[in-house]
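Here is a briefing on one protein model. Please keep the sequence and the 3D view open while reading.

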Amino acid sequence: MSAQVSYAKEGAAAVLTIENPPVNALNVAIVTGLRDRLKEALDDASVKAIVVTGAGRAFIAGADISEFGKPRPKDAPTLDQVVELLEASPKPLVAAVNGIALGGGLEVALGCHYRVAAAGARVGLPEVTLGIIPGAAGTQRTPRLTGAAKALDLIVNSKQIGAAEAKKLGLVDEIAEGDVVKAAIAFAQGKQPRRVSEIQDKIAADRGHPEIFADYRRDMAKKFRGFEAPFAAVDAVEAAVNKPFEDGRKYERQLFERLVASQQAAAQRHVFFGEREVAKIPDVPKDTPIRKIERAGIVGCGLMGGGIAINFANGGIPVTVVETQQAALDKGLANIRKIFDGNVSAGRLTREAADQRVALIKGTTDYADLKDADLVVEAVFEDMAVKKQVFETLDRVCKPDAILATNTSTLDVDAIAAATRRPQQVIGMHFFSPANIMKLLENVRGKATSKETIATVMELSKKLGKTAVLVGVCDGFVGNRMLYAYRRQAEALLEEGALPQQIDKAIFDFGLPMGPFAMQDLAGLDIGLAIRRRLRETLPALLKLSYIPDRVAEQGRYGQKTGAGWYRYEPGSRTPIPDPAIDKLVVDYSKEQGIARRAIDDTEIVERCMFALVNEGAKILEEGIAARPVDIDIIWIYGYGFPRYRGGPMFWADQVGVKKVYDTIKRLYDKHGGWLEPAPLLERLARDGKGFYSR
Ligand code: T1G
């Protein structure tokens, strides 16, 4: 069915239906069709009322994002123009909101004189997530119905709300029991046009209270650090309160057009489509059979095992957790209950829902209780011998078609799979800590992992509420391998003249949630020490690992958990305090190594660290450990907090210019040698004037 706006008469009402599956996005054809069908209804004297609705599960999911940044036909009407035509209609116009109404979709509904929603409808203005703001008067009409404070909350946080809450806020006039189109036609009877742009009472009450906006900007500063669109949204809503409608609408449009053409918006659009693309595995056909996962098992009820169990319970899947010792099991289950209690007291869950989920988690010390599980995730100590033993046991007790997954973050999945007679049903499921919160799931395919196992686990990941990315087997997989490359450069900069707090500030200002040293203090320097010692055993002579981190850890400074690491921490505080003892340790080390320390600025720090990240990403792409650059981008945004408004390291490299990245890496390699050898892919793209997304 091609995209169209259909026209039907129902008695004296004209029904305009948006038809553009799967979500009725407003592309040029639909916006033009809406204008033309409206004219048809207005010109038809027998039409006394007009209803706008959507075909299928959605009302309208907003403007067609795939058209942004692309040339438009000169004479095509813009959505904001058509919304104004809707509102100007002399005949009563009712939106029959049959399903999801987002962005331009809600703006179309707000351009109508009344809104009747199906009980299951959801509405919202999520444009900020795309690096823009509503551009068809959503920031002007919403506060006229809800007041400024509610409008700010909806728009700045890209909230989606249900029909009941929308009615409470005044965004919807009625919730339909049965057929929403019939209800809308009935609702229109005897109604006069009521234009939202003319509603004044709520915004009049907010006028003269600039603190509403000043306080809001202050309170949102931390959460939206580095983003442009959320702050522009506040400006637009403030204009709605203080300016006449038409002036506010024009101001919103100016902000919209500036943002839609911005690098941030391009990056956030990339992430929107990237989140959906990573779920599609190039060599795993869409119709690959998927196994039903109705029962799960977890081996290990520590921090990771417990968090993973919570994901299954949140997904409604009964899960059995195995621990070797009863005491460890009791401690693990108590911790799980504590987390659910926390969700209840924070209002994220009702008591009843929390109890239902806790009831889905069973504990045992007997592996035999896993015999009916469709899938088991192993989350025990990060030691190969221990993991192999667990997999041998699972291979024996689990039913033949059960999938066995390992939560290892560094070890060889193929070696673990080889400990079983079913390597085709073995896969890595690398959760990030805390596993019940972090959105990313790095699924690791081994050489023998079957397409059915991959398709099943990728589908399961959605049910666990995760953004899953499939990667291949290598040391540290994609995320950690790139993290190590970036960290090595941070450590090299320490030797050459920088200090931890300077490097962390530069990386924080670039947009990551924290710098590499504060991050190590959070994760624990003892873990890093063990990994480095293991790594040094097999390192080629040319590749060096700085001993500075070892020296810090060898003093028992493991980070937050010991009150000191790269930084000092006051008891009970997580605030890093620079420690002169560390500055001295770093300076002494340089002297000992005969390195003349030099002044290093923030630009060099960011380029050296982030270009090293990109260079490692290029090697990973060449080796096929990641199938596409977008897999890397989504991993770094959801797993390591790479700023969404930069689109991920590979997308960002294209915006910076791959030639600049290559030239910088090459210059550093010629000077320092070692780890920074330029990836052949990076060299090739730079030579050909191409990018990761234009290769
Ligand atoms: N434009 C283009 N494609 C879209 C789209 C959109 N607005 N929304 C969804 N798709 C595609 C999506 O890429 C996927 O494609 C398929 O539809 C199914 O989506 C002036 C300018 C509606 C809640 O931000 O949040 O209006 O992968 O897999 O999980 O102010 O899609 O199958 O090829 O996500 O059921 C504002 C974006 C636009 C809403 C459905 N609107 N969409 O979720 O399915 S800006 C949005 C969503 C705007 C105006 C401004 C979700 C959904 P493919 P899906 P889902």
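What covers the buried residues of helix 5? The cover includes helix 4 (138–146), strand 9 (160–162), helix 6 (163–169), helix 8 (201–206), helix 9 (211–220) and helix 10 (229–242). This is a predicted model: local features need pLDDT of at least 70, side-chain atom pairs count only at pLDDT 80 or more, and totals for chains, interfaces and linings use all residues. Residues are numbered from 1 along each chain as its sequence is written, and side-chain values use heavy atoms, with hydrogens and water left out.

- Helix 5 spans residues 148–156. Helices (H or I, at least four residues) and strands (E, at least two) are DSSP runs, numbered from the N terminus.
- The buried residues of helix 5 are Ala148, Ala151, Leu152, Leu154, Ile155 and Val156. Buried means under 20% relative accessible area, exposed over 50%, and partly exposed in between (1.4 Å probe, protein chains only).
- An α-helix has 3.6 residues a turn, so residues three or four places apart point the same way.
- The axes of helix 4 and helix 5 come within 7 Å and cross at roughly 135°. Axes are lines fitted to C-alpha atoms, for helices over the stretch in contact, and angles run from 0 to 180 degrees between N-to-C directions.
- Helix 4 and helix 5 are therefore oblique to each other. Angles under 35 degrees count as roughly parallel, over 145 as roughly antiparallel, 65 to 115 as roughly perpendicular and the rest as oblique.
- On the helix 4 side, Gly138, Thr139, Thr142, Pro143 and Thr146 meet Ala148, Lys150, Ala151, Leu154 and Ile155 of helix 5. Contact means heavy atoms within 4.5 Å.
- By class, this contact has 5 nonpolar, 4 polar and 1 charged residues. Ala, Val, Leu, Ile, Met, Phe, Trp, Tyr, Cys and Pro count as nonpolar, Asp, Glu, Lys and Arg as charged, and the others, Gly among them, as polar.

- Two strands pair if DSSP finds at least two bridges between them.
- Strand 6 (residues 100–102) pairs with strand 8 (residues 122–124) in the parallel sense over 3 bridges. Alanine 101 stands opposite valine 123 in strand 8.

- Strand 17 (residues 440–445) runs parallel to strand 18, joined by 5 bridges. Asparagine 443 stands opposite leucine 470 in strand 18.

**Backbone features in loops**

- The loop between strand 2 (13–19) and helix 1 (28–43) holds proline 22. The peptide bond from proline 21 to proline 22 is cis, with omega near 5°.
- Asparagine 24 is found in the loop between strand 2 and helix 1. Its phi is near 55°, a positive value in a residue other than glycine. Asparagine 24 counts as buried, at 2% relative accessibility.
- Proline 434 lies in the loop between strand 16 (426–431) and strand 17. The peptide bond from serine 433 to proline 434 is cis, with omega near -5°.
- Phenylalanine 477 is in the loop between strand 18 and helix 19 (479–496). Its phi is near 50°, and phenylalanine 477 is buried, with a relative accessible area of 0%.
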